[in-house]
Amino acid sequence: MFLIPDPVVRFFHRMASPPHFYSFTERLMPWLVVIFLLLTAAGLYGGLYLAPADYQQGDSYRIIYIHVPSAWMSLFIYMVMAVAGGIGLVWRIKLAEIVAISSAPVGASFTFIALVTGSLWGKPMWGTWWVWDARLTSELILLFLYLGVIGLYGAIDDKRTASRAVAILALVGVVNIPIIHYSVEWWNTLHQGPTVTKMDKPSIHVSMLIPLLLMAISFKFYYLIAMLQRARTELLLRERNAQWVKNMISESK
Amino acid sequence: MKPARKQRLILIGLMVLGAALATGFALKSFNENLMYFFSTTDVVEGKAPKDTLFRLGGMVIKGSVERPNDGLMVRFKLTDFSKDVTVEYTGILPDLFREGQGIVAHGKLNEQGVFIAEEVLAKHDENYMPPEVKGSLKNQPAPVEGQK
């Protein structure tokens, strides 16, 4: 703990308090939405209009601006979910549990979008909707992991017990994350190798790369918005008998 | 850190490590099955299965594509830059099929060692650039094709 600056520690301690989290995210939300809309507009304009056509794939490659950021998000959100779940397991922080379970449906959606856009891209380029190569299969397993987390949480009535069970499932599933990332390097796949996330410099022209990165950041903001909204609802539901929720309701009446 | 928390943290660490090890060993033992296709070297060295369908991946050699009779049958050579295999395919090729392109074909070998494909899929690479940039790259000395 001594390595982390004091204000950061204080921020996280305050955020772990449900009433503070609830009011803070309420004030934060409009900013997140504005940044998300600006980034998405810039990214889509850059990707669909400004960026040139590809030398081989023509205009069809433009689905990259949805497919690749979604696929990145599917891995990123899984890591957030597993780490938050782990923090919930060790320190028994209610908000960490809530962040973990609120991430699952958002992550599952991004995984689904990545799979569907990939399939739509595969048909004209590869000549097939789907193949069972290592990359596609491991990404499909990721979708099932997300669905497993959501299902397990719903199946257990006591939500604190449910959170613990879900965290263990999520942590075991972390094994799949490096497999997805390195699948295209460890095995022969029909899916291409990494374009941006490799040690070498990205093998994508800079005019195509900038909109891609903009979309990647914009999707991060979308995740924050969707996850925080879910977390606020889940928090109210769990704390419905707490004094701060009763105070808030009587104030708004 | 309180002892109970420390214990839980260690327990979780061990659990993740165990899961990783188990998966690692499983993937290592199934390594062959996880390969989506055989390389042309595998075929020439006889590692590819006989009499059964399998996938063959490689790059279409420049200038090797020919249509021996007027039909849809097309014959070309695949390479992994060390060994070549001749492929015959009857049907419609994907848009990205061209000389110098990586492809994956599904089919089997005949007695002459020619690969009779039932399906041909194009494998595009990880490079994205505008056509002008590709044009200017062509005028420079050709880069070494470094596919491992």
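View 1. In chain B, 44% of the contacts with a separation of 6 or more are between residues 24 or more positions apart, a contact being two residues whose C-beta atoms, placed from the backbone, lie within 7 Å. The model is predicted, and in it local features need pLDDT of at least 70, side-chain atom pairs count only at pLDDT 80 or more, and totals for chains, interfaces and linings use all residues. Residues are numbered from 1 along each chain as its sequence is written, while chains are lettered from A and ligands numbered from 1 in the order in which they are written.

**View 2. The fold of chain B.** Chain B holds four helices and six strands, which follow one another from the N terminus as α-α-β-α-β-β-β-β-β-α; helices (H or I, at least four residues) and strands (E, at least two) are DSSP runs, numbered from the N terminus. Chain B is more spread out than a compact globule, because its radius of gyration is 22 Å, well over the 15 Å that the globule rule gives for 148 residues; the radius is taken over C-alpha atoms, and the rule is 2.2 Å times the number of residues to the power 0.38.

**View 3. The side of chain B that touches chain A.** The contact takes 31 residues from chain B and 35 residues from chain A. On the chain B side, two or more residues each come from helix H1 (3–29), strand E6 (115–123) and helix H4 (131–138), and H1(B) gives the largest share, nine residues.
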